[in-house]
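Q: Please take a close look at one part of this model for me. Go residue by residue where you can.

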Amino acid sequence: MEYSPPPLFKQGAPARVKVTVFALIAIVLLVLDARMNLLAGVRSVAATVLYPVQMAALMPREALSNMGGYFSSVSTLQREVQALKLQQLQQATLLQQAQLQMAENAQLRRLMEGKAQLPVQSQMAEILYDARDPSTRRVVIDRGSRAGVVLGLPVIDNAGVVGQVTRVFPFTSEVTLLTDKDQAIPVQVLRSGLRSIVYGRGHSGLLDLRFVAQDADIQVGDVLVTSGLDGMYPAGLAVARVTQVEKAAGSFGRVVGQPLAGIDRNRQVLVIMSHNALPERPQPTQAHEGSRRKLPKMEPVPQPPLPAAPLPAAGAPAAGTPAATTSAVPAAPQATAPAARQATTPAAPAAPNGVTPNVR
């Protein structure tokens with residue numbers, strides 16, 4: 001069976017003739033357009049008509065390109081966000097360190113100003129850590145016996161008293177804070193001059209003035225300073241401010257104070273390197289003996305000898321009669337033995353009428 005094309009394609013000139021004709025027409029049009037620019041309007045009209053078709057044909061390619069750009073931009077943005085977060089954390093760390101250094105610098109400046117105003121020698125120390133015992137209020141500083149620290153030295157900051165050195169090691173020392181329950185400091189009310197002793201209250205961070213009389217001149221807001229009577233703390237160091245005054249029903253009132261020093265805030269402190277020199281107290285035995293030596297020597301007072309009373313004669317009238325008053329005569333110098341024995345006996349009291357009773 002022989003294949004033949006459809007009747008539509010059998011009409012007209014052969015295909016080779018058509019290709020040749022159209023090729024010649026295209027060449028002529030190219031030459032005319034290049035020489036005379038006659039097809040510029042036709043091209044613009046064709047471009048305008050075919051633009052929607054061109055855009056529709058380019059949409060798949062643009063969609064694929066945009067999709068790739070979207071995912072690439074998302075990944076790029078995620079990397080940038082992570083980098084910015086890391087940079088923010090680093091900047092926050094640097095900012096915190098800078099703030100800490102600024103606070104330390106401010107504290108050091110205040111300590112240096114306070115050190116310049118102190119009349120005694122002092123050295124700066126830094127708090128390393130808290131003590132191991134949680135029931136006490138103690139810290140460890142970075143100065144020890146190698147730096148000249150000894151037991152009992154006061155520790156202060158720019159605002160007031162922090163505590164006292166209670167244990168000393170070669171390179172570190174332990175400081176008992178002012179608020180420890182076993183710590184006590186002699187203080188004085190700055191306004192009225194009233195002297196008392198302040199005690200710590202442990203972890204509450206407050207101070208107590210015990211055994212304060214009901215009529216004591218102390219008010220809320222009064223500043224308590226060291227009195228210097230203990231020989232440890234120099235006089236005039238700020239200790240606390242009175243925050244509460246209660247008048248109890250008993251013989252003593254209750255006074256509560258807030259420490260002025262930065263006990264729980266600052267890390268830099270000052271260690272006062274000298275005690276408040278006070279004369280030694282005299283020993284009680286020496287004072288007693290000295291007072292005895294100053295008194296005159298006491299001697300027993302001699303008693304005067306008693307006169308010998310004469311014995312009454314036999315048949316003499318009884319005592320209390322009128323004759324007894326006339327027969328009482330002084331004894332002779334030569335007294336007998338019974339009369340001598342009678343002289344050693346205590347003298348009898350005299351009667352109201354002046355008659356001496358007979359003593360046998």
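A: Start at Val223. What is its bridge partner in strand 10? The partner is Arg241. This contact belongs to the pairing of strand 9 (residues 223-226) with strand 10 (residues 238-246). These two strands run antiparallel, and three bridges hold the pairing. A strand here is a DSSP run of E with at least two residues, numbered from the N terminus. Two strands pair if DSSP finds at least two bridges between them.

The model is predicted, so read it with its cut-offs: local features need pLDDT of at least 70, side-chain atom pairs count only at pLDDT 80 or more, and totals for chains, interfaces and linings use all residues. Residues are numbered from 1 along each chain as its sequence is written, and side-chain values use heavy atoms, with hydrogens and water left out.

Now cross strand 10 to its next partner. Strand 11 (residues 252-259) pairs with strand 10 through six bridges. Again the sense is antiparallel.

Strand 6 (residues 184-189) pairs with strand 7 over five bridges, in the antiparallel sense. Gln188 has Arg195 as its bridge partner in strand 7. Strand 6 and strand 7 make a hairpin with five residues between the strands. In that hairpin, Gly193 takes a positive phi near 80°.

Strand 7 (residues 195-200) also pairs with strand 8 (residues 207-213). Three bridges join these two antiparallel strands. Val198 faces Leu209 of strand 8. Tyr199 faces Asp208 of strand 8. In a regular strand, neighbouring side chains alternate between the two faces of the sheet. Strand 7 and strand 8 form a hairpin too, with six residues between them. Gly202 sits in this turn and has a positive phi of about 80°.

Stay with Tyr199 for a moment. What sits over its ring? The charged end of Arg210 does, 4.2 Å from the ring centre. A charge counts as over a ring when NZ of Lys or CZ of Arg is within 6 Å of the ring centre and within 35 degrees of the ring normal.

Strand 1 (residues 122-130) joins strand 2 (residues 138-141) through three bridges. The two run antiparallel, and Ile127 stands across from Ile141 in strand 2. Strand 2 goes on to pair with strand 5 (residues 173-177) over four bridges. That pairing is antiparallel as well, with Arg138 opposite Thr176 of strand 5.

Strand 1 has a further partner. Strand 12 (residues 268-272) pairs with strand 1 in the antiparallel sense, over five bridges. There, Glu126 stands opposite Gln268 of strand 12.

Last, back to where we began.
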